[in-house]
Amino acid sequence: MNKLAPADLMSLEQYARERLAFRARVLAHKGERQLAIGPNATWCFEDRLTVQYQVQEMLRVERIFEPVGIAEELGTYNPLIPDGSNWKVTLLIEFPQPEERARALARLKGIEDRCWVQVAGHARVFAIADEDLERENEEKTSAVHFLRFELSAPMIESLRAAAALALGIDHEHYRHEVPALPEPLRQALTADFS
């Protein structure tokens with residue numbers, strides 16, 4: 001996928017006018033690219049549109065309009081756009097109660113390295129996690145992680161030929177699997193490789 005350039009972004013004024021419609025469109029799109037893995041983890045498969053929304057929102061919130069600031073935001077968020085041989089995923093670990101969340105995040109250290117995808121007929125591919133910065137400390141893991149799944153050319157060809165796709169998390173305190181993705185999501189993720 002092509003990375004975002006300044007010309008792909010709306011000015012602050014244009015974004016202010018179009019934000020509600022753009023946000024509704026992106027949220028519907030993101031909803032089609034999310035999947036619960038068990039009761040407390042959600043994977044959000046990023047693409048150019050989801051990243052554009054993140055950039056536009058950051059520019060809006062921080063009132064950034066100078067070219068240097070825009071370039072910095074693009075430098076921060078463009079790495080979340082898939083490169084044609086991978087998926088980029090935001091992993092959200094969700095526990096509603098603060099006390100329960102604190103206990104869970106302590107127990108789930110290393111969960112980001114135990115996330116996997118598997119194209120039928122091929123080996124599991126485990127995530128490369130948090131390449132931007134460390135999101136875990138001695139006491140706990142973070143509630144948000146950024147994952148990259150690198151697929152080989154044969155795996156991509158199998159997906160294009162309608163192979164099933166499973167994914168999951170294999171952590172000693174959190175083992176959940178989705179044995180086959182819903183077809184609309186599998187097709188959307190396969191399209192990421194075109």
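In what order do the strands of the open sheet of four strands stand? The order is 5-4-8-9, with antiparallel pairing, and the legends below, which all refer to a predicted model, begin with this sheet.

**View 1. The open sheet of four strands has the order 5-4-8-9.** The pairing in this sheet is antiparallel, and strand 5 and strand 9 stand at its edges, each with a single partner strand, so that one side of each is left without a neighbour in the sheet. Strand 4 and strand 5 run antiparallel and are joined by two bridges. Within this pair, valine 117 has valine 125 in strand 5 as its bridge partner.

**View 2. A salt bridge brings together the side chains of aspartate 170 and arginine 114.** The N to O distance is 3.5 Å, and the pair links distant parts of the chain, with aspartate 170 in strand 8 (residues 165-171) and arginine 114 in the loop between helix 4 (98-107) and strand 4 (115-119), 56 residues apart. Aspartate 170 counts as partly exposed, at 22% relative accessibility. Arginine 114 is also partly exposed, and its relative accessible area is 31%.

**View 3. Glutamate 177 and arginine 124 meet through their side chains in a salt bridge.** Here the distance from N to O is 4.0 Å. Because glutamate 177 lies in strand 9 (residues 174-178) and arginine 124 in the loop between strand 4 and strand 5 (125-126), the pair ties together parts that are 53 residues apart in sequence. Glutamate 177 is partly exposed, with a relative accessible area of 47%, and arginine 124 is likewise partly exposed, with a value of 34%. Salt bridges that share partners join Arg114, Arg124, Asp170, Arg175 and Glu177 into one network, and this network therefore includes both residues of the pair shown here, glutamate 177 and arginine 124.

**View 4. A second open sheet, of five strands, has the order 1-2-3-7-6.** The pairing in this sheet is antiparallel, and its edge strands are strand 1 (34-36) and strand 6 (128-129), each of which pairs on one side only. Strand 1 and strand 2 run antiparallel and are joined by three bridges, and in this pair the bridge partner of leucine 35 is tryptophan 43 in strand 2.

**View 5. Strand 3 (residues 86-93) is mostly covered, with seven of its eight residues buried.** Strand 3 is joined to strand 2 (residues 41-45) by five bridges, and the two strands run antiparallel; alanine 41 stands opposite isoleucine 93 in strand 3. Strand 3 also pairs with strand 7 (residues 144-150), again in the antiparallel sense, over seven bridges, and threonine 90 has phenylalanine 146 in strand 7 as its bridge partner.

**View 6. Valine 144 in strand 7 is partly exposed.** The relative accessible area of valine 144 is 29%. Although valine 144 and leucine 35 are 109 residues apart in sequence, they are 15 Å apart in space, taken from C-alpha to C-alpha.

**View 7. Helix 1 (residues 12-32) and helix 2 (residues 48-62) cross at roughly 145 degrees.** The axes of the two helices come within 10 Å, and the crossing of helix 1 and helix 2 is left-handed. On the side of helix 1 the contact includes Leu12, Tyr15, Phe22 and Val26, together with Arg19, Arg23, Arg25, His29 and Lys30. Among the residues of helix 2 that they meet are Leu49, Tyr53, Gln56, Glu57 and Arg60. By class, the contact of helix 1 with helix 2 has seven nonpolar, five polar and six charged residues.

**View 8. Arginine 48 and aspartate 8 meet through their side chains in a salt bridge.** The N to O distance is 2.7 Å, and the pair links distant parts of the chain, with arginine 48 in helix 2 and aspartate 8 in the segment before helix 1, 40 residues apart. Arginine 48 is partly exposed, with a relative accessible area of 26%, and aspartate 8 is partly exposed too, with a relative accessible area of 30%. Over the whole model, the count comes to 14 salt bridges.

How values were computed. Residues are numbered from 1 along each chain as its sequence is written. This is a predicted model: local features need pLDDT of at least 70, side-chain atom pairs count only at pLDDT 80 or more; totals for chains, interfaces and linings use all residues. Side-chain values use heavy atoms; hydrogens and water are left out. Buried means under 20% relative accessible area, exposed over 50%, partly exposed in between (1.4 Å probe, protein chains only). Two strands pair if DSSP finds at least two bridges between them. Axes are lines fitted to C-alpha atoms, for helices over the stretch in contact, and angles run from 0 to 180 degrees between N-to-C directions. A crossing is left-handed if the near helix is turned anticlockwise from the far one by less than a right angle, and right-handed if clockwise. Contact means heavy atoms within 4.5 Å. Ala, Val, Leu, Ile, Met, Phe, Trp, Tyr, Cys and Pro count as nonpolar, Asp, Glu, Lys and Arg as charged, and the others, Gly among them, as polar.
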